[in-house]
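Colleague: I am new to this one and would like to be walked through it. Could we have the structure on screen before we begin?

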Amino acid sequence: RLVRRIYFAMCAEADDMIGELLAVLDECGLTENTTVIFSSDHGELAMEHQQYYKMSHFDGSARVAWIMAGPGIKEGQVIETPVSLIDMAPTICELGQMPQRPNFSGESLMPLARGETDQSRGWALSMYSGVTSNTISHMLRKGDYKLIVYEGYPSRLFNLANDPQELKDLAESDSDRVQKMEALLATVVDREETWR
């Protein structure tokens, strides 16, 4: 209960700080020509899977908010396709009319934000190798499915539409999907190199 109280208090504090910022934009007459992006580097597990803090590929840790408002951004829409924090820099560059850098791995989300499309690359990736794990792990989210690959250990597969709490591992029963998602992961990550 204490962990959840602290988590909800942090949410309330963040909400209050954002409210202060938006109020200042209003007071300064900048609301109509300012783009606001709210996001985070990680979520906070609040005792889901009996865990807290970050350091996990479960959605409570890996999934973060990305909220945008401003000129040209379609109001009230919810984007269902997975996007990633690697899309932040290309999005900001497009907003600032700056050239995209060749080393960017992401894509601008402005076509999604303007409502011009509902499609992006269609997947998101994360990696973890911190102190709470004895191996490197990768998470690939594509559509409703999330694959978690633990180097040296069995992979896990979840259907987030049917199992949002990530309790039913489908890796054995849907091995074809695991192989396809692992193949996609291999196009982005040299797992052997990261494992060494």
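Colleague: In what order do the elements of the chain run from the N terminus on?

Modeller: The order is α-β-β-β-α-β-α-α-β-β-β-β-α-α, which comprises six helices and eight strands. Helices (H or I, at least four residues) and strands (E, at least two) are DSSP runs, numbered from the N terminus.

Colleague: Before the details, what should I know about the model itself?

Modeller: It is a predicted model, in which local features need pLDDT of at least 70 and side-chain atom pairs count only at pLDDT 80 or more, while totals for chains, interfaces and linings use all residues. Residues are numbered from 1 along each chain as its sequence is written, and side-chain values use heavy atoms, with hydrogens and water left out.

Colleague: What is the mean pLDDT of the chain?

Modeller: The mean is 89, and 96% of the residues reach 70 or more; pLDDT is the predictor's confidence in each residue, from 0 to 100.

Colleague: Where is confidence lowest, and where is it highest?

Modeller: Strand β3 (residues 52-53) has the lowest confidence, with a mean of 68, and strand β8 (residues 156-159) has the highest, at 97.

Colleague: Now the overall dimensions. What box do the C-alpha atoms fill?

Modeller: Taken along the principal axes, the box is roughly 55 × 45 × 35 Å. Of the 196 residues in the chain, 30% are buried. Buried means under 20% relative accessible area, exposed over 50%, and partly exposed in between (1.4 Å probe, protein chains only).

Colleague: Let us turn to the strands. Why is β7 largely enclosed by the rest of the structure?

Modeller: Strand β7 (residues 145-150) is largely enclosed because five of its six residues are buried.

Colleague: Which strands are joined to β7 by bridges?

Modeller: Strand β6 (residues 137-142) is joined to β7 by six bridges, and the two run antiparallel. Four bridges join β7 to β8, which are also antiparallel. Two strands pair if DSSP finds at least two bridges between them.

Colleague: Which residues stand opposite one another there?

Modeller: Leu-140 has Leu-147 in β7 as its bridge partner, and Lys-146 stands opposite Phe-158 in β8.

Colleague: And how many residues lie between the strands in each hairpin?

Modeller: The hairpin of β6 and β7 has two residues between its strands, and Gly-143 there takes a positive phi near 60 degrees. In the hairpin of β7 and β8 there are five residues between the strands, and Gly-152 has a positive phi near 90 degrees.

Colleague: Which residue other than glycine has a positive phi?

Modeller: Two may be named here. Gln-97 has a phi near 55 degrees, and Glu-166 has a positive phi of about 55 degrees. As background, most residues other than glycine have a negative phi.

Colleague: Where do they lie, and are they buried or exposed?

Modeller: Gln-97 is in the loop between α3 (88-95) and α4 (110-113), and it counts as exposed because its relative accessibility is 75%. Glu-166 is in the loop between β8 and α5 (175-188); its relative accessibility is 3%, so it counts as buried.

Colleague: Back to β6 for a moment. What is Met-139 in contact with?

Modeller: Met-139 lies in strand β6 and is buried, because its relative accessibility is 7%. Leaving aside neighbours within four places in sequence, its contacts include His-57, Ala-62, Ala-124, Leu-125 and Lys-146. Contact means heavy atoms within 4.5 Å.

Colleague: Which residues does Ser-84 touch?

Modeller: Not counting residues up to four places away in sequence, Ser-84 touches Trp-66, Arg-121, Ala-124 and Leu-125. Ser-84 is in the loop between β4 (66-69) and α3, and its relative accessible area of 12% is why it counts as buried.
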